[in-house]
Amino acid sequence: MVFDQLKAIIVDQLDVAPEDVSPASSFADDLGADSLDMVELIMAIEEKMDVHIEQKQVGNLTTVGDVLAFLEAHRAAGVAE
Amino acid sequence: MISGTGSALPENRVTNRDFERLVDTSDEWITTRTGISARRITSGENTSDFAARAAANALSSAGIDPLDIDLVIAATVSPDSFTPTVSCQVQAALGLSKATCFDLWAGCTGFIFALMTADSLIRSGVLGRALVIGAEVLSKLVDWTDRSTCVLFGDGAGAVVLSQSERPGILAHFTGSDGTRGGVLRIDGVPLVNPWIADPQPPKPNSVIRMDGQEVFKFAVTAMQKSIRRVCELSGIQLDDVPYIIPHQANDRIIESVAGRMKIPRGRFYTDLDQRGNTSAASIPLALDEMNRAGLLAPQMPLLLVGFGGGLTWGASMIRWMPNSTQDS
């Protein structure tokens, strides 16, 4: 499940509890991520989930749900790098 | 081998609280984002002054006569002048009359590249003994109205003496560059203007440090890991056998990220940036001199120096401290 995989990466990178991570969670407000945490998180997602996230798209990813939607759209399009 | 180390710092110590008067920032923001609490900023000495002091300290640490130095390379992006170079100014200040002197521009990787260059010249027999210096006064290149950059940088210099050695003290180098991504970390040069260029208004000089922080962070974490791995392979030394990694220190979060990803205990990265800030090409030799004076270095000890910076550039050197000595001598 994409969400479970993503949750595991978020828990590891942001050092938060799994129960605190839901699609509605805001990275900055709920999960305490600053801009460098986001850079590292995106790097980890790219590596572990074999995707590429353009720098200009990162600004739109404010919640866990935003990242999920991106990943699901990516997979649907069958694009991988 | 490295036969001596030296360093020089400004007296003026500027804390994060001092920055709260200058720009909209806080001690808490700076510390959590960067790990920096204070940095030294010149009150009047320029790059060549710090370079000369560091070099003089390195010469006495090595017990070497100024006339025995054949080569001076100063790594810097903040020279006093385009010409004479910092290295030539150091020559004049210290009476190194037999030396060939030049500066080396490679951003924060400058000291690694300069070390590799001097080492190669010594090994190939072209020259005998070298002073390799990393020296910066970044405070004259900082945009003091930009809170995202002005808090990061500090001034200072470090130097080493490189001599021939029975047993090798410099074991391997790994280096690389990528000019296609150079735009993420810039300090512009002199404006391009002359009577034959169409724009009649000379642009405002703007040689200040500008960077895309997030892109530079990603680059730094990747480059540092790659350089550490490759220099271990090239030297044949296992990372587990290296007690200290001496990184270029731009931001503590970079080092933490690399330590976590490579599963290296954080304490094996020697860091002082909480009191120094990012001193670019000076960071590695400054740290090495501090470690030497603190008695952290033992004969035969492998040390991994790693840098990354503007260009983009990156590299690492594996050295063996005092390779001809034993623990008892």
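Mentor: In chain A, confidence is lowest in helix α3 (residues 55-58) of chain A, with a mean of 83, and highest in helix α1 (residues 2-14) of chain A, at 93. These are pLDDT values, as this is a predicted model. The average pLDDT over chain A is 88, and 93% of its residues score at least 70.

The part to study is in chain B, a chain with 9 helices and 13 strands. Its C-alpha trace spans about 65 × 45 × 40 Å along the principal axes. A compact globule of 329 residues would have a radius of gyration near 20 Å, and chain B, at 19 Å, agrees with that. Of the 329 residues in chain B, 50% are buried. Among contacts in chain B with a separation of 6 or more, 78% are between residues 24 or more positions apart.

Now the sheet. Five strands of chain B form an open sheet in the order β1-β7-β6-β4-β5, and their pairing is mixed. At its edges are β1 (2-8) and β5 (100-104) of chain B, each of which pairs on one side only. From one strand to the next, the twist averages 15°.

Within this sheet, look at β6(B). What are its partners, and how does it run against them? On one side, strand β6 (residues 130-137) of chain B runs parallel to strand β4 (residues 71-75) of chain B, and 5 bridges join the two. Leu71(B) stands opposite Ala130(B) in β6(B), and Ala75(B) has Gly134(B) as its bridge partner in that strand. The pairing of β6(B) with β7(B) is antiparallel and covers 8 bridges. Here Val132(B) is opposite Val160(B) in β7(B).

Is β6(B) buried or exposed? The cut-off needed is that a residue counts as buried if 20 or more other C-beta atoms lie within 10 Å of its own. By that rule 8 of the 8 residues of β6(B) are buried, so the strand is largely enclosed by the rest of the structure. The cover is on both faces: Ala130(B), Val132(B), Gly134(B) and Glu136(B) are buried on one side, and Leu131(B), Ile133(B), Ala135(B) and Val137(B) on the other.

Helix α3 (residues 47-62) of chain B lies across β1, β4, β6 and β7 (155-162) of chain B and runs at about 145° to β1(B). Helix α4 (residues 86-94) of chain B lies across β4, β5 and β6 of chain B, at about 130° to β4(B). The loop between β4 and α4 of chain B is where Pro84(B) is placed. The peptide bond from Thr83(B) to Pro84(B) is cis, with omega near 0°.

For comparison, chain B has an open sheet of 4 strands, ordered β8-β13-β12-β11, again with mixed pairing. Its edge strands are β8 (170-177) and β11 (244-247) of chain B, each pairing on one side only. Direction ignored, neighbouring strands of this sheet are turned by 15° against each other on average. β11(B) runs parallel to strand β12 (residues 302-309) of chain B, joined to it by 4 bridges; Tyr244(B) has Leu303(B) as its bridge partner in β12(B). Helix α5 (residues 110-123) of chain B lies across β8, β12 and β13 (313-320) of chain B and runs at about 55° to β13(B). A cis peptide bond is found here too, between Gly311(B) and Leu312(B), with omega about 0°. Leu312(B) is in the loop between β12 and β13 of chain B.

Last, the other chain. 7 residues of chain B are in contact with 7 residues of chain A. On the chain B side, α6 (213-235) and α7 (252-262) of chain B each supply at least two residues. α6(B) gives the most, with 4 residues. By class, this side of chain B has 1 nonpolar, 2 polar and 4 charged residues.

Definitions and conventions:
Residues are numbered from 1 along each chain as its sequence is written. Chains are lettered from A and ligands numbered from 1 in the order in which they are written. This is a predicted model: local features need pLDDT of at least 70, side-chain atom pairs count only at pLDDT 80 or more; totals for chains, interfaces and linings use all residues. The radius of gyration is taken over C-alpha atoms; the globule rule is 2.2 Å times the number of residues to the power 0.38. A residue is buried if 20 or more other C-beta atoms lie within 10 Å of its own, exposed if 12 or fewer, and partly exposed in between; C-beta atoms are placed from the backbone. Two residues are in contact if their C-beta atoms, placed from the backbone, lie within 7 Å. Ala, Val, Leu, Ile, Met, Phe, Trp, Tyr, Cys and Pro count as nonpolar, Asp, Glu, Lys and Arg as charged, and the others, Gly among them, as polar. pLDDT is the predictor's confidence in each residue, from 0 to 100. Two strands pair if DSSP finds at least two bridges between them. Axes are lines fitted to C-alpha atoms, for helices over the stretch in contact, and angles run from 0 to 180 degrees between N-to-C directions.
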